[in-house]
Structures are given as C-alpha cells and as structure tokens.
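Visitor: I have a model open and want to learn how to read it. Where do we begin?

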Amino acid sequence: NIEEPFPDNLEPIEEEKEEMEADNIEPEQEIVQKESEKKKEEVQKIETQKDELPKEEEVKKETAIEEKKTQIPPEKKVETLAPPLAKQDNAKPRQESAQEKANPNENLGYLIQICAGKQHILHLTEDGHVYSYGSGVYGVCGQGGAACCFQHQILRSLSERNGIQIACGGQHSIALTQSLNIYSWGRGFEGQLGITQKKHIEIASKPTFIPFFDKLRVKFIAAGSYYSLAITEAGDLYGWGEARLGQLGCGKQRLVFVPQKIVVCEDPEDVMRKTHSSVSLKEATPRSANPNLENTDARIRKVAAGFGHTAAITEDGQLFVWGLNVFGQLGIGTKMNTSWKPVRVEKDITNNWLPKVKDVACGFYFTFMIDVTGQLFSWGRGYIGHNGLTEDDKPRKIVSKTENREFTAILCNEQAAVLYSPMRVYSVSPRCGPSCGGTVLSIIGTSLTDTNHFKVRF
C-alpha cells in the first residue's frame with residue numbers, strides 16, 4: 001500500500017474528510033452498530049407481522065362468508081328477505097271480502113246439538129242451521145256429490161226450514177225440521193233413507209223429504225248403523241232400513257224401504273196397576289186369572305239405536321228392547337241370538353225391579369240407562385264402567401266414581417260412552433260472615449272435586 005502524500009498547497013474536500021474519519025472508526029464500534037441495526041429491523045418486522053395478522057384473519061372470514069352465501073339454496077335466500085316480526089305485527093289486518101262477510105259458515109253461532117257418524121259430523125245451531133263436514137262418501141255430508149268437506153259447511157237446502165233435531169247413522173243422516181217433517185240423505189242401500197214408496201234409492205247427496213211422514217207430525221228421530229227411527233206426536237214408533245238382525249222389531253225381515261210401525265205392547269197388569277194406583281202389587285189381578293185382558297200399545301217417549309239392537313222408553317218410564325242379543329245387550333237375562341219383537345226389561349242383575357227410566361243410549365254391543373233418580377246402569381259387552389271388560393245380560397248399577405252424582409245425559413258411539421252429570425250445590429254455610437275474608441266455607445253438593453280453583457260468588 002503506497003500512500004501518496006497530498007501536495008502542500010492542497011487541502012482535502014469535506015466528503016473526503018468524512019470518509020477519512022469513517023475509516024478511522026474502531027472495529028468494536030462497527031460491530032455494535034451492526035447489531036443494533038439488526039435488532040431494529042427485527043422489531044420492525046414483528047410489528048408489521050402483528051398488523052398484518054388480523055387483516056389476514058378478516059380476509060379469511062370474509063372469504064368463508066362469501067363461500068357460504070354461494071352454497072345457500074335459493075329457498076333459504078327467500079326466507080332471509082322476510083320482514084321482521086315487529087313489522088308483521090304492525091301490519092294492517094287483512095280486510096274480508098264481500099263473499100266472506102256473507103258466508104254464514106264463518107260463525108256457527110250457539111250450538112244445541114252435535115252428532116257423529118262413521119266419518120262425518122253434523123252441527124245444529126240455535127238458529128236452526130245444520131252444518132256438516134267429513135268424508136263425502138255416499139253424499140253423507142249433504143252438500144251434493146261425494147266431495148269431502150274439511151270445514152263445516154251449511155246445508156243450504158235446510159237453512160230455511162229451521163232444523164230442531166239431527167241424527168247420524170253409520171253413513172247416512174236425518175234431520176227433523178220445525179214443521180215436524182223429516183229429511184234424509186247419504187247411503188240408502190238398506191232402505192235407511194225411506195224417501196221412496198216403490199223403488200229404493202241407493203244414494204241421496206242432498207237432504208230429501210220423506211213423503212211417508214207428510215201427514216204425520218214427528219217429534220223425535222234416531223239413527224242406527226243402517227236403519228232409522230221416528231216417534232210421532234201420538235207416541236207411535238216407526239222404523240225403516242236394515243231389519244235382518246231384528247233391530248226394527250217388525251218380525252223376520254231383511255230390508256224395509258218404507259217406514260213401518262213398531263208395535264210396543266204394555267203388559268195388561270201394568271195398565272191395571274197404573275189405573276188403580278192405590279192397589280198394591282199383590283192385590284192386583286194376575287193376568288192368568290183374566291185371560292181376556294189384551295195388550296195395549298204403549299206411547300213411546302224416546303228411542304235409541306245401536307248397531308243391531310234398539311231400546312225405547314215409554315211415557316210411563318218402562319224400557320223395551322229388541323234386536324241382536326249375542327252379548328246380552330238387551331238386558332233381559334238371556335243371550336239368545338235375536339229378539340224379533342219388543343221385550344220389556346224388568347229386573348236388574350240383583351233381581352230387583354228396575355226403576356223408571358229417564359234416558360237410554362245404545363252402543364254396538366252394550367246399553368246404558370239412567371233412571372229417574374239419576375242413577376246409572378249398563379249391560380252388554382265392553383268397558384262399560386264395571387272395572388274392566390265385562391259382559392252382563394241384565395242391568396248392573398255403576399258404582400265406580402258415581403257417588404253423590406246425578407246423571408242427566410248419555411252419548412254412545414260404537415265402543416265408548418260419555419256420561420254427563422251437572423254440578424249441584426245443596427247448601428253453603430255459614431250464610432254470612434266478615435267481609436274481610438278468612439271465613440271457612442262448607443259446601444255440600446254433587447260433582448265437586450278437591451281443587452284450589454273453586455270459587456263461590458256472593
């Protein structure tokens with residue numbers, strides 16, 4: 001290394017001075033500076049990485065959301081467009097059209113009777129309107145045709161006639177109007193419609209007048225599975241439809257297409273007992289001693305129809321039955337196949353005389369009865385209130401859960417029954433007390449239950 005000396009008359013430039021001063025730095029200082037510069041660079045890199053990490057995560061989330069949006073089916077996208085619930089609640093109510101306002105089906109009104117067939121139901125309102133709905137097979141809904149009615153619809157052909165009673169068979173219906181005329185519709189293969197004098201009509205899809213009762217005033221109607229019954233104001237009972245099981249009480253017949261009178265004969269001894277009420281049972285003249293006594297036709301007050309048997313109550317409270325009896329559903333103490341004529345039910349299963357009857361109802365193979373005191377009886381085969389499946393051929397009093405109850409109505413279908421017992425309060429004591437409360441009340445009545453929701457109004 002040859003260093004040429006500067007000339008004496010020249011001085012070094014400032015840049016050259018700085019380079020010369022930098023060349024004169026000691027090696028330890030250079031190492032320290034380099035290490036500090038590396039640390040600064042590493043710190044800067046870490047800070048830049050911290051700033052970039054959240055940005056990358058946000059980018060990843062955004063990309064994932066976009067991917068999900070692309071995977072959402074079109075149906076769900078439509079749901080997301082629906083307005084929130086708050087806006088729906090504040091929306092204006094839909095205005096009814098003129099047809100909806102004029103349609104009487106929207107408001108049934110006060111119901112006074114409901115009855116059901118195999119696959120259809122009828123309603124009767126206080127205004128006399130009859131509504132129907134259910135399966136339209138055989139035109140049983142009466143709306144014309146065989147279309148099903150998923151909602152109650154008024155029978156317009158009866159709307160101006162003011163119905164007062166309705167009854168449903170298995171697949172046919174009958175109605176009694178205010179003018180005491182009978183209309184029927186539905187299935188008629190067995191003659192249960194009764195709307196023709198010569199040839200039977202198989203199906204009627206709308207209510208049709210029964211001409212047989214044109215000059216007879218009917219006060220009560222009933223319908224069995226495949227037959228119909230009617231009671232006139234004179235107390236005469238008529239039946240038509242299937243008769244092969246003896247359910248019409250008209251003797252051995254298969255089908256009855258024109259209503260026939262069912263003769264229910266009272267025992268002459270009972271007639272004498274009623275005319276001479278002061279004479280005791282022992283003092284009454286027996287029938288064997290008076291062979292000239294003849295049976296008299298009883299006046300029927302109510303009748304009930306089942307599948308193959310029928311029960312009727314006379315105005316004097318006697319119970320007569322006829323028809324199929326394979327399970328003892330007639331209650332006459334035997335299980336013969338069929339009783340073709342009306343037979344009186346005289347004694348219960350304890351061999352005591354049966355009290356006067358207030359109401360009766362028939363199922364498929366059983367019968368329920370309420371006497372004048374509100375006590376409940378049943379017989380036949382089924383779950384009829386005697387703790388399980390039973391089969392009795394005489395009336396048996398129901399004692400389970402009937403204590404202190406007075407029953408007033410029965411409704412039966414094929415295999416079940418509904419029993420109605422209204423609540424009755426006989427006394428409340430004390431009759432007066434402090435108005436501030438705290439008085440213990442003693443309430444005596446029927447159909448009461450232990451509940452905290454019982455209220456007494458003063």
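Visitor: Which residues is Ser173 in contact with, leaving aside its neighbours within four places in sequence?

Guide: This is a predicted model. In it, Ser173 touches His120, Leu122, Val140, Ala167, Cys168, Tyr183, Ser184 and Trp185. Ser173 itself is found in strand S6.

Visitor: Is Ser173 buried or exposed?

Guide: Look at the relative accessible area. Under 20% counts as buried. Ser173 has 0%, so Ser173 is buried. The side chain of Ser173 also makes a polar contact of 2.7 Å with the side chain of His120.

Visitor: How do I read a nonpolar core?

Guide: In soluble globular proteins, nonpolar side chains tend to be buried together. Here the largest nonpolar core has 34 residues. Ile182, Phe213, Ile221, Leu229, Leu237, Trp240 and Val303 have the most contacts inside it.

Visitor: Which elements give two or more residues to this core?

Guide: Strands S6, S9, S10, S11, S12, S15 and S17 do. S9 supplies the largest share, five residues. Apart from this core lies another, of 14 residues, including Val321, Leu330, Leu354 and Cys362.

Visitor: What is Leu237 in contact with, beyond four places in sequence?

Guide: Its partners are Leu229, Ala230, Ile231, Gln260, Lys261, Ile262, Ile300, Val303 and Trp322.

Visitor: Where is pLDDT under 50?

Guide: Start with the chain: the average pLDDT is 78, and 70% of the residues score at least 70. Residues 68–102 stay under 50, with six contacts beyond four places in sequence. Residues 275–293 are also below 50; this stretch has twelve contacts beyond near neighbours in sequence.

Methods:
Residues are numbered from 1 along each chain as its sequence is written. This is a predicted model: local features need pLDDT of at least 70, side-chain atom pairs count only at pLDDT 80 or more; totals for chains, interfaces and linings use all residues. Side-chain values use heavy atoms; hydrogens and water are left out. pLDDT is the predictor's confidence in each residue, from 0 to 100. Contact means heavy atoms within 4.5 Å. A nonpolar core is a set of buried Ala, Val, Leu, Ile, Met, Phe, Trp, Tyr and Cys residues joined through side-chain atoms within 4.5 Å. Buried means under 20% relative accessible area, exposed over 50%, partly exposed in between (1.4 Å probe, protein chains only). Helices (H or I, at least four residues) and strands (E, at least two) are DSSP runs, numbered from the N terminus. A polar contact is a pair of N or O atoms within 3.5 Å; within protein, one must be able to donate a hydrogen and the other to accept it, and residues adjacent in sequence count only if both atoms are side-chain atoms.
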